Amino acid sequence: MTIQQLKCFSVMAEVLHYTKAANQLYVSQPSLSYSISELEKELGFPLFERRDNKTFLTHFGESILPYVRVALDKLEAIQIKAYELADPFTGSINLGNIYSISFDFIPQLLERFYTNKENGNITVSCVQGVNRLLIDKLMEGSLDLIISGESREQDLISTQIFTQELNLIVPQNHPLAKRESVFIKDLKDEGLISLGPNSNITGHISACFRARGLEPKFVLSVAECSAMGAFISSEMAVAIAPVVPSFHSNNVCIIPFAQPDNELLGRKIYLQWVKERYLPPTARRLRDFIVEEFAENK
């Protein structure tokens with residue numbers, strides 16, 4: 001059976017008049033009669049009968065009519081959803097981002113994206129996480145795009161969008177607290193707070209230390225940058241991290257690194273998506289906007 005046959009049966013069952021049904025369906029009456037006849041042949045029973053020059057549903061037709069209407073309703077819902085998914089101006093996007101850019105870059109990005117009134121019906125759902133978690137979610141398909149640190153996954157396409165500055169965060173009474181700037185070598189004996197193996201920032205800091213002939217001494221591990229402030233203000237350790245709002249509510253000092261260490265420590269942030277996976281039009285629209293507006297190497 002075909003969708004057209006089911007539509008012909010449904011309309012004919014409603015009006016019980018071949019000419020009226022044919023007009024509603026924009027088909028000829030012979031075409032309507034043929035569609036219903038073919039459907040009856042496939043089902044193996046009559047759907048309509050004539051009595052006193054009037055058309056009536058058979059009890060077979062009455063029995064299957066509710067199921068046909070449900071099926072047609074489902075097909076209509078599929079069509080509506082398909083149109084939405086194909087519309088670059090309507091729909092939702094699942095965007096993942098590392099915690100530390102949730103307070104500055106992401107609000108700036110969305111504000112500029114929604115400045116274009118054509119994007120007003122697009123919903124962006126933001127999911128925060130550490131680097132490895134975001135990459136896993138992107139690969140499994142629960143995220144369309146992520147903004148995170150570097151990934152070595154060959155199945156991903158990455159575009160660098162900015163460089164995140166890392167600073168030294170110390171307690172207010174720390175010997176380095178009054179310095180205007182510091183070097184990596186100043187921290188050779190300091191205990192550092194790590195963001196753990198799932199954040200690429202830990203490996204990045206380690207590589208920068210090794211570039212200066214040193215090894216970092218990580219003594220604590222936390223889930224994300226916002227949790228660092230309390231440990232630092234308690235003088236348990238210091239940290240190299242991007243600035244987040246929670247630092248300002250703790251008794252800590254934020255000290256920039258002097259050049260060339262400041263440039264060395266700069267953390268590259270990328271927009272990433274899966275290479276061979278279909279990207280919905282709304283997600284492509286946001287991706288192209290980010291690349292056009294923010295990419296450092298266009």
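Two strands are taken as paired if DSSP finds at least two bridges between them. In the predicted model examined here, strand S7 (residues 167–171) and S11 run antiparallel and are joined by four bridges. Within this pairing, Val-170 has Cys-253 of S11 as its bridge partner.

The pairing of S7 with S11 belongs to an open sheet of three strands, arranged in the order S10-S7-S11 with antiparallel pairing. From one strand to the next, the twist averages 30°.

Two packed helices are described by the angle between their axes and the distance between the axes. For helix H1 (residues 3–15) and H3, the axes come within 9 Å and cross at roughly 105°. Because angles of 65 to 115 degrees count as roughly perpendicular, H1 is assigned a roughly perpendicular orientation to H3. On the H1 side, the contact is made by Gln-5, Leu-6, Cys-8, Phe-9 and Met-12, and on the H3 side by Leu-32, Ser-35, Ile-36, Glu-38, Leu-39 and Glu-42. Classified by residue type, this contact of H1 with H3 comprises seven nonpolar, two polar and two charged residues.

Helix H3 (residues 29–43) also contains Ser-37. The relative accessible area of Ser-37 is 27%, and the residue is therefore partly exposed. Between Ser-37 and Ile-269, the sequence separation is 232 residues, and the C-alpha to C-alpha distance is 64 Å.

How values were computed: Residues numbered from 1 in each chain as written. Predicted model: local features only at pLDDT ≥ 70, side-chain atom pairs only at ≥ 80, totals over all residues. Heavy atoms only, no water. Helix = DSSP H or I, 4+ residues; strand = E, 2+ residues; numbered from the N terminus. Buried < 20%, exposed > 50% of the residue type's maximum accessible area, 1.4 Å probe, protein only. Axes fitted to C-alpha atoms, helices over the stretch in contact; angles between N-to-C directions. Parallel < 35°, antiparallel > 145°, perpendicular 65-115°, else oblique. Contact = heavy atoms within 4.5 Å. Nonpolar A, V, L, I, M, F, W, Y, C, P; charged D, E, K, R; others polar.
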